[in-house]
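Morning, everyone. I have one model to walk through, and I'll keep it brisk.

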Amino acid sequence: MAHSSTFCLILTLLITCNLHVNGCYTSIISFGDSLADTGNMKLMSMKSDNALPHFAFPPYGETFFHEPTGRCSNGRLIIDFIAESLGLPLIPPSEAHNTTFNITGLGQGVNYAVAGATALDPSFHIARGVYVKTNASLGVQLGWFKESLSSRVSVDKRLIGYSLILMGEIGGNDYNHALESGKSINEVEGYVPFVINAIISAINELIDLGAETLVIPGNLPIGCSATYLTMFYGSNKVKYDNATGCITQLNKFAEYHNEQLKMELNKIREVHPEVTIIYADYYNAAMQVFLSPHKYGFTNGALKACCGGGGPFNYNSSVACSEPLSTSCVEPDTYFNWDGLHLTEAAYRFIFKSLFEGSYTTPQFRSVCPTSRLRSVGGLSSSI
């Protein structure tokens with residue numbers, strides 16, 4: 001019996017190695033916030049008998065799934081396009097079932113991202129007078145992951161090593177919550193070192209657990225968000241970029257976060273040259289569209305939300321998309337922004353292609369996982 005068990009284990013590991021070589025990765029392990037949440041917040045609300053979030057109702061999910069799934073979009077997210085391109089099923093939210101990593105769990109993965117999640121624990125924000133609704137910080141998500149690991153450590157390290165680890169996006173809500181609470185941009189800049197440290201600490205912990213390939217996104221150009229454009233509309237305290245119509249100082253803030261993150265990632269590369277650390281430049285991938293929306297098929301522009309409560313950018317903080325007083329556009333694929341803060345499926349597809357099939361990752365993902373191994377996830381109206 002002992003020989004039989006050993007043979008089965010060796011055979012499983014050989015199959016795992018073959019999958020890793022031919023398909024790049026056998027699974028995806030994801031952490032993050034609403035940009036990556038594939039249903040955790042919705043399921044958590046259902047289990048706790050709390051009111052369902054607004055994104056648990058139509059028209060969310062209408063384009064691809066034809067029903068709400070808990071994703072903050074009309075369809076698929078970047079993580080969904082990554083999974084499709086790697087030939088994997090869409091990655092389930094961790095709340096969907098009791099996910100345990102063992103040698104029978106190959107070929108899929110698990111997603112711990114939760115809408116509203118922060119990189120920092122709520123105590124950091126509470127101490128600064130900022131209320132955080134979601135107690136699912138990056139540290140909490142990492143704790144969930146460690147709890148789900150099998151007791152067979154040697155096998156777990158192989159599984160994690162053969163997985164593509166997606167670290168977010170995470171950190172954006174640390175700034176969003178503070179800014180929406182009335183904190184100044186200059187004050188929130190002081191949060192950046194703490195946010196970066198939380199992300200870097202999680203990366204190092206995952207490396208210790210066996211991670212070999214990690215994708216770490218930077219922040220999007222938040223100055224182009226319909227949420228902030230509405231919040232600061234009519235204010236003489238902000239300046240706008242003539243080329244995009246975006247708020248200059250907020251975009252400079254996002255660039256500052258991203259530069260600090262890249263500097264720390266370089267330090268990890270020096271300490272762990274055996275680990276592939278991929279920086280995903282969400283900022284400049286998205287900026288292509290903000291500079292030339294029509295060129296890429298977003299004929300209704302990049303700043304106005306498809307679904308929202310009216311106003312110059314079709315966003316109203318008191319009327320969420322899916323509420324009776326909100327309106328939704330007929331052609332969401334011609335919009336970049338979905339509901340004020342989140343993007344449309346077409347936007348996420350565009351960013352995915354710019355990152356994972358284009359040149360907006362460092363190192364380029366195509367050099368880590370050759371394009372010949374990636375499956376097509378649908379074209380765009382213009383090439384990137």
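Confidence comes before anything else, since this is a predicted model. The average pLDDT, the predictor's confidence in each residue from 0 to 100, is 89 for the protein. At least 70 is reached by 86% of the residues. Two stretches to flag. Residues 1-22 have a pLDDT below 50. Beyond near neighbours in sequence, that stretch makes 19 contacts in the model, a contact being heavy atoms within 4.5 Å. Residues 99-107 are also below 50. That stretch has 31 contacts in the model, again beyond near neighbours in sequence.

Ground rules, quickly. Numbering runs from 1 along each chain as its sequence is written, and side-chain values use heavy atoms, with hydrogens and water left out. Local features need pLDDT of at least 70 and side-chain atom pairs count only at 80 or more, while totals for chains, interfaces and linings use all residues.

Now the core. A nonpolar core here is a set of buried Ala, Val, Leu, Ile, Met, Phe, Trp, Tyr and Cys residues joined through side-chain atoms within 4.5 Å. Buried means under 20% relative accessible area, exposed over 50%, partly exposed in between, with a 1.4 Å probe and protein chains only. Which residues touch the most other members of the largest core? Ile203 and Leu214, out of 113 residues. Helix α9, residues 192-209, gives the largest share of this core, 11 residues. Helices are DSSP runs of H or I, at least four residues; strands are runs of E, at least two; both are numbered from the N terminus. Leaving out residues up to four places away in sequence, Ile203 touches Met167, Leu214, Ile216, Leu265, Ile268 and Ile277.

Next, backbone geometry. Most residues other than glycine have a negative phi, and most peptide bonds are trans. Here are some departures.

Cis bonds to start. Pro58 and Pro59 are joined by one, with omega about 10°. Pro59 sits in the loop between α2 (40-47) and α3 (78-85). Thr362 to Pro363 is cis too, omega near -10°. Pro363 belongs to the loop between β8 (361-362) and α14 (365-368).

Then positive phi. His66 has phi near 65°. His66 is in the loop between α2 and α3. Asn314 has phi near 50°, in the loop between β6 (307-308) and β7 (327-328). Which of these is buried, and which exposed? His66 is exposed, at 63% relative accessible area. Asn314 is buried, at 7%.

That's my list. Over to you.
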